[in-house]
Amino acid sequence: MALGWNIHNEDFLKSVSWIDALKLRASVGSVGNQAVAPYQTQGLLSRTVYAWNTTASYGYRPNTIGNPDMRWEGSTTKNVGLDFSLWKGRVSGSFELYKVNTTALLLADQLPTSTGFSAVTRNVGETQNSGFEATISTVNVNKGGFKWTWDIAFTKNKEQIVSLYNGAVDDIGNKWFIGYPLTAFYDYTKDGIWQLGQESDAAKYGTKVGQIHV
């Protein structure tokens with residue numbers, strides 16, 4: 001659903017000659033995403049080769065964990081924007097604010113390999129994308145067959161995990177952290193360089209003098 005208001009058509013702006021167009025708009029919509037392969041909700045089998053002395057034999061073993069409760073994930077987008085054109089098109093552009101909430105995420109939940117499986121796909125938690133976009137176009141010179149224009153764009157987006165299957169609790173095993181994107185990068189913090197006289201301390205961490213102390 002979307003609504004728009006052409007503000008420049010209102011009586012209180014009709015006398016403002018330098019505004020060509022001014023439109024305020026808002027929209028909201030939802031879309032589903034299946035994002036899984038066919039039959040992924042079922043437990044599938046893989047062929048296994050056995051050797052009975054010198055005779056080869058074939059069998060089948062469970063290869064994936066089925067999930068009959070799996071469903072589509074859904075994303076709801078809310079957007080507010082302002083479009084404008086000024087001074088007979090010399091300056092034009094738009095401003096956008098948006099927020100996208102995705103629920104029932106289809107994610108591969110990592111499992112201990114001691115279970116015989118490495119992961120199971122299921123609906124997990126909620127993520128949020130929010131941001132701002134701005135575009136401005138200007139016609140600086142348009143005379144005598146010469147035209148000089150500018151196009152300026154600015155975007156800012158923040159992606160974060162809002163909740164997982166245990167609520168707003170980090171899942172360290174899967175490297176999912178509340179308030180951070182699904183794909184997060186992290187490493188040790190550099191704490192200087194090991195100096196002379198610190199040989200024994202450096203050795204505790206498998207490093208030497210002159211190497212990074214982390």
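Contact, for these notes, means heavy atoms within 4.5 Å. I'm working from a predicted model, where local features need pLDDT of at least 70, side-chain atom pairs count only at pLDDT 80 or more, and totals for chains, interfaces and linings use all residues. Residues are numbered from 1 along each chain as its sequence is written, and side-chain values use heavy atoms, with hydrogens and water left out.

**Gln160**

I began with Gln160 and skipped its neighbours within four places in sequence; Gln160 is then in contact with Thr127, Gln128, Gly179, Tyr180 and Pro181. Gln160 sits in strand 8 (residues 146–163). I take strands (E, at least two residues) and helices (H or I, at least four) as DSSP runs, numbered from the N terminus. Buried or exposed? Gln160 is buried, at 18% relative accessible area. My cut-offs are under 20% for buried, over 50% for exposed and partly exposed in between, with a 1.4 Å probe and protein chains only.

**Whole chain**

I counted two helices and eight strands in the protein chain, and the pattern along the sequence reads β-α-β-β-β-β-β-β-β-α. The radius of gyration is 29 Å, well over the 17 Å that the globule rule gives for 214 residues, so the chain is more spread out than a compact globule. (That radius is taken over C-alpha atoms, and the rule is 2.2 Å times the number of residues to the power 0.38.) Along the principal axes, the C-alpha atoms fill a box of roughly 95 × 60 × 40 Å. Of the 214 residues, 23% count as buried. I also looked at contacts between residues at least 6 apart in sequence: 49% of them join residues at least 24 apart.

**Strand pairing**

Two strands pair here if DSSP finds at least two bridges between them. Strand 1 (residues 2–6) pairs with strand 2 (residues 19–33) in the antiparallel sense over five bridges, and Trp5 has Leu24 in strand 2 as its bridge partner. Zero of the five residues of strand 1 are buried, so this strand lies largely in the open.

Further along, strand 5 (residues 73–86) and strand 6 run antiparallel, joined by 13 bridges; I noted Ser75 with Thr102 as its partner in strand 6. Their hairpin has four residues between the strands, and Trp87 takes a positive phi near 50 degrees there. Strand 6 and strand 7 are also antiparallel, with 19 bridges, and Asp109 has Val120 in strand 7 as its bridge partner.

**Aromatic rings**

How many aromatic pairs does a search of the whole structure find? I got six. Rings of Phe, Tyr and Trp (its six-membered ring) pair if their centres lie within 6.5 Å; planes under 30 degrees apart count as stacked, over 60 as edge-to-face and the rest as tilted.

Phe95 and Phe132 are stacked, 6.4 Å centre to centre with 15 degrees between the planes. Phe95 is in strand 6 (residues 91–110) and Phe132 in strand 7 (residues 119–143), so the pair ties together parts 37 residues apart in sequence. Both are partly exposed, Phe95 at 30% relative accessibility and Phe132 at 29%. Trp148 and Trp150 have ring centres 5.6 Å apart and planes at 90 degrees, so I logged the pair as edge-to-face. Trp148 is partly exposed at 38%, and Trp150 is partly exposed at 44%. I also found one aromatic cluster formed by Phe84, Phe95, Phe132 and Phe154.
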